[in-house]
Amino acid sequence: MTETLPIRVVALYRFTPFADIAAIQPPLALVCCSNGVKGTLLLAAEGINGTIAGSKEGIDAVLVHIRALPGCADLDVKESRAAEMPFHRMKVRLKREIVTMGEPSIDPLEGVGHYVEPADWNALIAEPGTIVIDTRNDYEVAVGTFAGAVDPQTRTFRDFPAWFREHRDELVGDGPPPKIAMFCTGGIRCEKSTAFLKAEGLDEVYHLKGGILKYLETVPEAESLWEGECFVFDQRVAVGHGLALGSHVLCHACRMPVSVADRSSPLYVEGVSCPACHDARDETQRAGYAERERQMRLAETRGEAHVGAVLPKTHGADDTP
C-alpha cells in the first residue's frame, strides 16, 4: 500500500493576491529547508503553486506556514507517497504566473468553470455531446489520458488559448453550446483554462476537481475511464491507479518520459538517448551524456549525490513542478 511509504509528496496551489512575493520568499524557503523538505514552490502576485516532499512532520510544518499566508487558509492539497525522496533540492521561485498561460486578463478568482467531483466525472464525460479536452502538453498526454479526450497537441500551456481559438468552430459549432469538460494533472491548469473559456463566451464549462491525481486516488480501477499512467513533475515520472509508482522513466537527454516499450528500442540507452531524441543528438552530445551517466553511477556506488542526478526541468512543466 502506498500509504506505508515513508515520504509524503504534496502537490498544492492557491490563487490569492500576494502584495509582496519577495517578502514571502525567504521565510518560506527557510521553513522548507529547516524541515528537510525538498521540491519546488512558485510564488506570483496571483498565488502559490508547487510540489514538495518530506517527512510527515516536515510537510506539516510547511503547510502550517503556507496556510498562514494571506488567503491560503483553504489551500488546495493533494498528497501521495514515495519510497524515496523524489527531489534533490528545494527551490522557491518568483514568477509572473504560478501556471503560465500568457493571458494577463484571465483571473480565476473572477470566475471559473463548474467543479466536478471525481466520483461524478465518469457520468459527465459519458454524456452524449460532451466535449472532453485534455489541457496538458503533448508528452503528458502520450503517457495516459481519458478515453475519447481531445488532445490539443500543445508543447506548453501557453499554446492552449491559440489552439482553442483556432479550433473553436469545429469544437463548438453554430448550435447550442455543448458541455465542455476539461482536466489536468492537479487541477491548476483547469482553473485558468475554464476561466479562459468563460471569457470566450462559453458557460457550460466543467473541470475535474483535484485533477487526474485525485481521480486516480479515489476512483476504483475497475470503474476508471483513465487509460495509461499520469505524468508527474518529479523523479517518480508517472503514477497509476491508487497513485502507485508507474512504469515510465525519464530520459536524461531530452527530459521526456520513456515507456517500457520505448526502453526496448535499440535507440534507448539509459541516460544517453531514447527513440524521441536519438536522431536529434550528435555523437559528441551522446558521449557527454554517457560520461554524465557514468559519473552518476559512480557517485551512487559511493553513496554520494551527484550534480548530474538532479531531475532536469521538463519542457513545459507548468502544472505541478
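Author: Start with the term. A salt bridge is a side-chain nitrogen of Lys or Arg within 4 Å of a carboxyl oxygen of Asp or Glu. Side chains of opposite charge can pair when their charged atoms come close. Here, the side chains of Arg 236 and Asp 234 form a salt bridge, at 2.8 Å from N to O.

Reader: What should I know about the model first?

Author: This is a predicted model: local features need pLDDT of at least 70, side-chain atom pairs count only at pLDDT 80 or more, and totals for chains, interfaces and linings use all residues. Residues are numbered from 1 along each chain as its sequence is written, and side-chain values use heavy atoms, with hydrogens and water left out.

Reader: How many salt bridges does the structure hold?

Author: The structure holds 19. One of them joins the side chains of Arg 8 and Glu 79, at 3.0 Å from N to O. Arg 8 lies in strand S1 (residues 7-15) and Glu 79 in strand S4 (residues 76-82), so the pair ties together parts 71 residues apart in sequence. Strands (E, at least two residues) are DSSP runs, numbered from the N terminus.

Reader: Which residues are linked in a network with Arg 8?

Author: Lys 56, Asp 60, Glu 79 and Arg 81 are linked with Arg 8 in a network of salt bridges.

Reader: Is Arg 8 buried or exposed?

Author: Buried means under 20% relative accessible area, exposed over 50%, partly exposed in between (1.4 Å probe, protein chains only). Arg 8 has 8% relative accessibility, so Arg 8 counts as buried. Glu 79, at 28%, counts as partly exposed. Arg 236 and Asp 234 are both buried.

Conventions. Helices (H or I, at least four residues) and strands (E, at least two) are DSSP runs, numbered from the N terminus.
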